[in-house]
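Student: Could you take me through this structure? I would like to begin with the cavities.

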Amino acid sequence: LPGSSGGASSSWKGKKSQTVPATEDSSVGGDGNQGQGWSRSTKQTSRIPRRQSTRQSVSNGSDQTTSTAVSQADSRKDDGSPSEEERKFLNKVFQKHFLFGSLDEEERHVMIDHMERKVAKNGETIFKQGDKGDRFFVILQGMYSVSIDDRTLKTLKQKQTFGELALLYNVRRTATIACTQSGVLWALGEKRFRECLKNLNSQQRSRVKDFLESDQTFSSLTPQDREVLAEACTVQVFQKGELILREGEVGDWMFTIMDGSAQVVDQKGNTALRSPGAILGSVGIMCTKRQLYGAKAIDLVTCLALGRPSLDVLPASVAELLRRSAIRNLLLGTSGFSGAREGDLEFFGKLFNAQQDLMIDHFEEATFQVGDVILPAGSDAHFFVVMEGEVAIVGEAMVAQAGCSALHLKEYAREVVGAGATYGGKAMVENVKTNESESVKTKESVFALSEVRLRKISHEVLSNIFGGPVA
């Protein structure tokens with residue numbers, strides 16, 4: 001999974017396989033290390049002969065391939081290479097893999113030729129967050145937990161993959177993976193992974209450039225900026241029914257749909273259809289750090305994917321365009337989720353694109369600690385978007401009773417809102433309409449219930465940039 005990337009722990013490095021002598025061709029990722037418990041094919045350039053009927057059974061494979069591969073997982077060949085049933089299993093996984101699905105049959109089998117087998121034991125750490133990434137993994141058997149900052153986020157199982165992100169962007173592992181049920185893994189070393197990726201990128205480069213030139217969001221970039229963006233992106237393919245984004249997971253990816261359609265589901269269960277040109281996940285990667293909604297492929301979906309590590313190498317102009325797009329999507333709800341309260345953002349939707357950009361450019365970022373007053377009653381009105389944390393909206397009459405305790409603030413709050421939610425738009429507009437001659441004041445207080453990060457803009461600034469009342 002894209003967000004499950006991680007690196008090899010020390011227990012997997014620095015020891016030769018007990019079953020196969022190390023050879024010049026058996027290094028992993030070119031680092032000369034052989035993992036403990038690994039078995040590796042001794043062939044170097046020769047291919048395992050396969051019958052045509054076997055290839056056909058892969059292309060038309062059913063779930064029987066998986067069960068057979070599992071039952072024969074321990075009956076591997078003496079040379080350490082995958083058995084025919086394991087080859088069928090791995091080939092089927094790669095056919096549906098978001099990165100390698102577009103490889104042809106021969107290229108997939110070349111990858112399989114260079115894979116290594118590892119028996120994973122319950123309780124074993126496969127790799128730790130912050131380690132250097134040197135392998136990509138396919139799960140044949142067992143279950144594996146994914147943890148970030150000592151918090152378990154999800155469990156991976158058979159047919160799923162992990163480790164792509166660190167190799168894809170040459171970064172440290174972003175998660176810790178541990179075996180929670182003994183099983184078997186197949187791994188591809190860094191060197192072979194990058195060779196496959198290089199071949200894919202050369203095949204897709206022309207298509208990506210054409211898409212960026214024609215897309216409404218990216219066509220405004222200079223040719224040089226589009227070239228850099230194309231280099232930073234990968235093309236990922238999702239099968240019908242496959243998850244593209246999972247609500248609540250770490251925002252490591254954003255996707256622009258090139259072909260196909262996706263369904264997005266917000267936190268309230270509302271659904272919407274997204275077509276080519278739509279950007280998915282931009283809010284999670286650029287603003288809130290976690291995905292606020294889920295998305296799945298309605299049919300075969302091809303996406304232009306950008307990982308979080310790439311943001312650091314993009315030109316400022318490209319990063320600014322992506323930031324604007326993410327905030328606009330959040331405010332308009334075009335990402336499939338809008339935390340705006342009813343009527344809060346009607347005025348924003350009526351603005352021209354240039355006016356929306358102007359407003360977004362004047363947002364200020366601010367952070368608050370637990371119990372801090374974000375906006376006291378009687379102050380000049382502000383509109384803000386919560387990026388992280390929770391805030392309590394407390395009526396003026398209840399402020400004294402609530403005090404500054406987060407527990408009491410939540411108890412007396414008229415409303416509690418979290419990441420992705422907005423506040424203040426409707427009140428600002430309505431107050432201006434009723435009495436344009438007076439300064440707009442808030443009628444309630446807003447407090448931080450946790451560490452909060454938000455983007456805000458005052459009524460005064462809005463009035464100045466628009467040359468008059470917001471309405």
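Tutor: On a 1 Å grid over the protein atoms alone, a cavity is a set of points where a 1.4 Å probe fits but cannot get out, whereas a pocket is an open set with protein on both sides within 12 Å along at least five of seven lines. Lining residues have an atom within 4 Å of a point. Grid points are joined across faces, edges and corners, and a volume is the space filled by probe spheres set on the points.

Student: How many cavities of 30 Å³ or more does the structure hold?

Tutor: The structure holds two of that size. Please bear in mind that this is a predicted model, in which local features need pLDDT of at least 70 and side-chain atom pairs count only at pLDDT 80 or more, while totals for chains, interfaces and linings use all residues. Residues are numbered from 1 along each chain as its sequence is written, and side-chain values use heavy atoms, with hydrogens and water left out.

Student: Which residues line the largest cavity?

Tutor: The lining consists of Phe-218, Leu-229, Cys-233, Met-254, Thr-256, Leu-304, Ala-305, Leu-306 and Leu-322. The space within the largest cavity is about 50 Å³.

Student: And which strands each supply at least two residues of that lining?

Tutor: Strand E12 (253-259) and strand E17 (301-307) do. E17 gives the largest share, three residues. Strands (E, at least two residues) and helices (H or I, at least four) are DSSP runs, numbered from the N terminus.

Student: What about the second largest pocket, how much space lies in it?

Tutor: The second largest pocket holds about 580 Å³. Its lining has 20 residues, and Gln-216, Thr-217, Ser-325, Arg-328 and Asn-353 are those nearest its centre. Helix H9 (316-332) and helix H11 (353-361) are the elements that give two or more residues to this lining. The largest share, eight residues, comes from H9.

Student: Let us turn to the whole protein. How many helices and strands are there?

Tutor: The protein has 15 helices and 25 strands. Of its 471 residues, 53% count as buried, meaning under 20% relative accessible area; exposed means over 50%, and partly exposed lies in between (1.4 Å probe, protein chains only).

Student: Now the sheets. What is the strand order in the one containing E16?

Tutor: That open sheet of four strands has the order E11-E16-E13-E14, with antiparallel pairing. Two strands pair if DSSP finds at least two bridges between them. Strand E11 (243-245) and strand E14 (271-274) each have a single partner strand, so one side of each lacks a neighbour in the sheet. On average, neighbouring strands are turned by 30 degrees against each other, direction ignored.

Student: Which residue takes a positive phi in the hairpin of E5 and E6?

Tutor: Asp-149 does, with phi near 55 degrees; the hairpin has two residues between its strands.

Student: Last one: where is Glu-415 found?

Tutor: Glu-415 is found in strand E22 (residues 415-417). Glu-415 counts as partly exposed, at 24% relative accessibility.

Definitions and conventions: Axes are lines fitted to C-alpha atoms, for helices over the stretch in contact, and angles run from 0 to 180 degrees between N-to-C directions.
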